[in-house]
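Subject: Structure for you to look through

Dear colleague,

I am passing on a structure that I would like you to look through with some care.

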Amino acid sequence: MTSISLIIAPMIMLQGVGQAPMAIENDAPETWTLEYPRLIQPFVEDYRRCLTSQMRRVTGEANFEEQHRADVPRCDAESTDAQNAANSALATRTGYSDFTSTDVRLIFEHAGRIHIARGADLDQQFTFLMRTAQAARETYEEERPKGLVLELLDASVVKARTDATAAAAEAALQERSLREDEQNLDADTGENTGAPGAND
């Protein structure tokens, strides 16, 4: 059983009415369904809109469930207004006489619980990603080639080292150039020498 299913039982149904006003089912860890009469859908949506429109703070910690839980009391006024409107709508329609104000209240309470459960699911996803990243770092540290060091230097350090070795590099270049000139001169001299009268 996941932590989300601890918040809300996998299936909650109201009994004792002709038609169950709602059923909450944990279809998947991140998916919950709330069933209720279509007649009161606009009022339930108004309440859910209040819950989901609250600001979220990304702090680098798994605290989304806490933030979602705090949304419920912030939307108390919207919940009360929506419940009153839902009760009024149900009272004017035949076929819904079995729905009491308690049934309607439970629908809105479960909507709030689903909202909290979604925050908990975000926390689970966050902690999973953090564990995965940590495991990847540990695996890299264990498996990376030992003794291979890549030195990343600041540009000023590179320039200082270049300046310090510039004179030595210039001297080595001149010495190499002088050697090549001497070798070329020796080669030219050897080609122009030969035994006197050899071609006579």
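This is a predicted model: local features need pLDDT of at least 70, side-chain atom pairs count only at pLDDT 80 or more; totals for chains, interfaces and linings use all residues.

Residues are numbered from 1 along each chain as its sequence is written, and side-chain values use heavy atoms, with hydrogens and water left out.

To begin with the fold, the protein has 6 helices and 3 strands, where helices (H or I, at least four residues) and strands (E, at least two) are DSSP runs numbered from the N terminus. Along the sequence these elements follow the pattern α-β-β-β-α-α-α-α-α. Of the 200 residues, 22% count as buried; here buried means under 20% relative accessible area, exposed means over 50%, and partly exposed lies in between, with a 1.4 Å probe and protein chains only. Among contacts (heavy atoms within 4.5 Å) between residues at least 6 apart in sequence, 61% join residues at least 24 apart.

Apart from neighbours within four places in sequence, Tyr47 is in contact with Val72, Cys75, Glu78, Ser79, Phe108, Ala111 and Gly112.

How do α2 and α4 lie against each other? Their axes come within 8 Å and cross at roughly 170°, where axes are lines fitted to C-alpha atoms, for helices over the stretch in contact, and angles run from 0 to 180 degrees between N-to-C directions. The two helices are therefore roughly antiparallel, since angles under 35 degrees count as roughly parallel, over 145 as roughly antiparallel, 65 to 115 as roughly perpendicular and the rest as oblique. Phe43, Tyr47 and Cys50 of α2 make this contact with Glu78, Ser79, Ala82, Ala85, Ala86 and Ala89 of α4.

Helix α3 (residues 64–74) packs with α5 at an angle of about 165°, the axes being 7 Å apart, and that makes α3 roughly antiparallel to α5. From α3, the residues Phe64, Glu65, His68, Arg69, Asp71 and Val72 meet Gly112, His115, Ile116, Gly119, Ala120, Leu122 and Asp123 in α5.

Val104 is found in helix α5 and counts as buried, at 0% relative accessibility; not counting residues up to four places away in sequence, Val104 touches Gln83, Ala86, Asn87 and Leu90. Gln83, in helix α4, also counts as buried, at 15% relative accessibility. Thr52, by contrast, has its place in helix α2 and counts as exposed, at 53% relative accessibility. The C-alpha atoms of Thr52 and His115 are separated by 8.0 Å, although these residues are 63 residues apart along the chain.

With kind regards
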